[in-house]
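Colleague: I have a structure open and would like to learn how to read it. Could you walk me through it?

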Amino acid sequence: MVPKTLDTDILILGSGGAGLFAALHANKAAPELSVTVAVKGLLGKCGCTRMVQGGYNVALAREDSVERHFMDTIQGGAWLSDQELAWKLVTLAVERIRELENELGCFFDRNPDGTVHQKAFAGQTFDRTVHKGDLTGIEIINRLAEQVWARNIGRLEEHRAVELIKDSSAKSIAGVLFIDMRTGEYVFVRAKAVLLATGGGPTMYRYHTPSGDKSCDGLAMAMRAGLPLRDMEMVQFHPTGLLAGTHTRMTGTVLEEGLRGAGGYLLNGAKERFMPRYDPKAERATRDLVSRAMFTEMRKGNVSPHGGLYLAMSHLGAHEVRRQFKGMVERCADCGFDLAGGMVEVVPTAHYMMGGVEFAADCTTALPGLYVAGEDSGGVHGANRLGGNGVANSTVFGAVAGDEMAAWVKTASLREPDRAAIDAAIAFCERPFRGGPAVSLEPLRERLYGVMWDKVGILRDAASLQQAQAELKEIDMALDTYALPNATREFNLTWHDWLNLKSLVAVSRAITLAATARRESRGAHFRSDFPQSGSLEQSAYTSITDSIVSMKPVSFSRVAPGQSLLRHVA
Ligand SMILES: Cc1cc2nc3c(=O)[nH]c(=O)nc-3n(C[C@H](O)[C@H](O)[C@H](O)COP(=O)(O)OP(=O)(O)OC[C@H]3O[C@@H](n4cnc5c(N)ncnc54)[C@H](O)[C@@H]3O)c2cc1C
């Protein structure tokens, strides 16, 4: 039984760049509609868009072009991107950055001549990353949140979405079931259109960067709703995660890409620079290549005191490093490292999921009424996301989703939900309240971290993936018999931790299945038993529905391998 039911025209799950842009665009396109943003944390204070450091990729300079940005994105993604999605990304990024500056009030760094400053990011042939110092996300999210607060947009904060509920004929979405985390009550929100924008987040790995509120809930809900997910094996590891010991949550947090872009060196335990041995672009190679080279060095045992490697910037001049990377210098100092004048211990860290819900360029999914945008979606980045394309992705497609939903709901009506599905979802959430001996969730979390890092991480093979699948099943079964030590529902964070782990294990199993199916190495996915990349002309993406993986051909709708949209082939 659901004690509370609410109705809204448009329901948005998540308040990152995708969710907030969708809310503003839907409200602007059709102010008469009711728009509600429901979010696990506090609006403007949670999710990863707020954590964006380096910046936003967009072709603004006269010498740059959207074609060049597109080619960098496609080549960086090892030809697995959906080209129509990538094209939309690079073309609409120009509109979104203008909107952020001129309508929403963001200040980005500028050159002395007044033009927007654009810095170097790895894997790109042009310096096109717009930024606000090295803490760009705070500027973007603060301005977006202010605009949402100022408008007639409903908010359900600390409301955790737990199930997408279809209508009684199971043909379209009817709404979403939530737990109001403050009271522990269940709330059902009926909506004509729902946007999934919960931001993915590979927090199932020992070292990871995303915020703690992200536990792949959206992807787990989409899977349970029978939606196909693509490229789930493609998990991006950022090369420079801070490594400061097991006692601090700072371990795993990211030191931004611009440090390597500006000329930072990676050194092994013997303090030797090793990247030139792995790739001609050295530290400025794409994230997948750098992370793999680092992992290979670490496996040789040539490591720093905490088992990682070093990032060194001092050869660029301590004063200049302090000037350009104030936020990063302070973050490192908090952990006892001198970024400007010394060396910082780093480790590759799970950062981003290129995979996600399959969607069309108008953000629709296979379930009528359900839209997806941002890191919950798959297909934009292919096998590897370029640094700076993440926040561009969430803002571009968030805005598209807002416009499209506003148009669609004008002809749609509220639908009656499948009551049995609501009851089943509540029964699922209530499982840990059935009583039993109280144990800690920590050993299960540690086991999940270890399985994913060691067996489904930067290097994988058939044997490790098979072992991982068996262990993930065991962890899932252990969670199913778990009993909560405390039966109160108000702000019961252990309960939410249990729900987080259930989502993470479900999505980990999908990652493992997709990684098993891709018998080649491509972008972020490296199989030591299949180290070759396979034919680019025969590129296929993985598509997983109901635990069955199929390989589907990539459509080279704009450019084929060996060709370029640029006049002279790059
Ligand atoms: C440390 C860090 C630095 C980064 N730096 C850059 C960079 O420099 N450039 C770049 O392009 N990208 C960067 N990224 C990636 C970028 O942050 C993401 O690509 C992008 O912001 C994702 O936006 P989103 O709206 O999809 O998700 P998010 O911004 O993560 O928002 C997700 C929202 O969903 C909510 N949510 C989650 N689960 C639920 C649930 N069950 N119910 C309700 N709400 C839920 C969350 O609370 C949050 O509000 C960085 C990421 C990190 C972690």
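Colleague: Which residues have the most contacts inside the largest nonpolar core?

Modeller: Start with the general idea: in soluble globular proteins, nonpolar side chains tend to be buried together. In this predicted model, the largest nonpolar core has 156 residues, and Leu13, Tyr56, Leu339 and Ile511 have the most contacts inside it. Helix 14, residues 493-517, supplies the largest share of this core, with 11 residues. Another core lies apart from it; this one has 11 residues, including Ile74, Ala86, Val90 and Leu566.

Colleague: What is Leu13 in contact with, leaving aside its neighbours within four places in sequence?

Modeller: Its partners include Ala38, Ala161, Val176, Phe178 and Met221. Leu195, Leu196, Ala197 and Thr198 are also among them.

Colleague: Now the ligand, please. How many residues surround the ligand, and which are the closest?

Modeller: There are 40 residues around the ligand, and Cys48, Thr49, Gly55, Asp213 and Lys214 are the closest. By class, this shell has 20 polar, 13 nonpolar and seven charged residues.

Colleague: Which side-chain or backbone atoms lie by the oxygen atoms of the ligand?

Modeller: Take the side chain of Lys214: one of its N or O atoms is 2.7 Å from an oxygen atom of the ligand. From the backbone, an N or O atom of Gly390 lies 2.9 Å from a ligand oxygen, and a polar atom of Ala18 is 3.0 Å from a ligand oxygen. The protein covers 98% of the 1,000 Å² of accessible area that the ligand has on its own.

Colleague: Which element gives the most to the shell around the ligand?

Modeller: Helix 10 does, with four residues. The elements giving two or more residues are helix 1 (17-29), strand 7 (159-166), strand 14 (343-353) and helix 10 (389-409).

Definitions and conventions
Residues numbered from 1 in each chain as written. Predicted model: local features only at pLDDT ≥ 70, side-chain atom pairs only at ≥ 80, totals over all residues. Heavy atoms only, no water. Near = heavy atom within 4 Å. Polar contact = N/O pair within 3.5 Å; in protein donor to acceptor, adjacent residues only side chain to side chain. Areas by Shrake-Rupley, 256 points an atom, 1.4 Å probe, with all protein chains shown as cover. Nonpolar A, V, L, I, M, F, W, Y, C, P; charged D, E, K, R; others polar. Core = buried A, V, L, I, M, F, W, Y, C linked by side-chain atoms within 4.5 Å. Buried < 20%, exposed > 50% of the residue type's maximum accessible area, 1.4 Å probe, protein only. Contact = heavy atoms within 4.5 Å.
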